[in-house]
Amino acid sequence: MSAQETYDEIGEAFEGFKGLPLVRYVEAPSFLGMVGDVSGRKVIDLACGTGFHSAS
């Protein structure tokens, strides 16, 4: 398996974690609660995986 294939496989597995109950009902609400309301603001999500939380 090439390095690119290995990286792609890891990325696909990471994408699957977003649907887990722990992420949906604990991690995401906790993180967004700490960040607070960002309505109308510009947000940069730098080197944080797929940008899942900034798109929430």
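**Entry 1**

I started at Val43, which I found in the loop between helix 2 (21-35) and helix 3 (52-55). The model I am reading is predicted. Is Val43 buried or exposed? Val43 has a relative accessible area of 51%. I list Val43 as exposed, because the cut-off for that class is over 50%.

I then looked up the nonpolar patch that includes Val43.

**Entry 1: the largest pocket**

Next I turned to the pockets. How much space lies in the largest pocket? I noted about 220 Å³. I counted 11 residues in the lining of the largest pocket. Nearest its centre are Phe31, Leu32, Val35, His53 and Ser54.

Helix 2 and helix 3 each supply at least two residues of the lining of the largest pocket. I also sorted this lining by class. The largest pocket has six nonpolar residues, four polar ones and one charged one.

**Entry 2: the second largest pocket**

I moved on to the second largest pocket. Its volume is about 160 Å³. The lining of this second pocket has 11 residues. Phe14, Lys18, Glu27, Phe52 and His53 lie nearest the centre. Which elements give two or more residues to the lining of the second largest pocket? I wrote down helix 1, helix 2 and helix 3. By class, I have five nonpolar, three polar and three charged residues here.

His53 made me check back. I have His53 among the residues nearest the centre of the largest pocket, and His53 is also on that list for the second largest pocket.

Phe14 lies in helix 1. Its relative accessibility is 41%. I class Phe14 as partly exposed, because that value falls between the 20% and 50% limits. I also took a distance from Phe14 to Asp45. These two are 31 residues apart along the chain, and their C-alpha atoms are separated by 17 Å.

Gly16 also lies in helix 1, which spans residues 3-17. I read a relative accessible area of 46% for Gly16, so Gly16 is partly exposed. From Gly16 I went to Phe31, 15 residues away in sequence. The C-alpha to C-alpha distance between Gly16 and Phe31 is 19 Å.

**Entry 3: Thr50**

My last stop was Thr50, in the loop between helix 2 and helix 3. Val43 sits in that loop too. At 41% relative accessibility, I count Thr50 as partly exposed.

Technical notes
Residues are numbered from 1 along each chain as its sequence is written. This is a predicted model: local features need pLDDT of at least 70, side-chain atom pairs count only at pLDDT 80 or more; totals for chains, interfaces and linings use all residues. Side-chain values use heavy atoms; hydrogens and water are left out. Helices (H or I, at least four residues) and strands (E, at least two) are DSSP runs, numbered from the N terminus. Buried means under 20% relative accessible area, exposed over 50%, partly exposed in between (1.4 Å probe, protein chains only). Patches are made of residues with over 30% relative accessible area and no salt bridge: like charges are joined within 9 Å, nonpolar side chains (Val, Leu, Ile, Met, Phe, Trp, Tyr) within 5 Å. Accessible areas come from the Shrake-Rupley method with a 1.4 Å probe; for residues, only the protein chains shown count as cover. A salt bridge is a side-chain nitrogen of Lys or Arg within 4 Å of a carboxyl oxygen of Asp or Glu. On a 1 Å grid over the protein atoms alone, a cavity is a set of points where a 1.4 Å probe fits but cannot get out, and a pocket is an open set with protein on both sides within 12 Å along at least five of seven lines; lining residues have an atom within 4 Å of a point. Grid points are joined across faces, edges and corners, and a volume is the space filled by probe spheres set on the points. Ala, Val, Leu, Ile, Met, Phe, Trp, Tyr, Cys and Pro count as nonpolar, Asp, Glu, Lys and Arg as charged, and the others, Gly among them, as polar.
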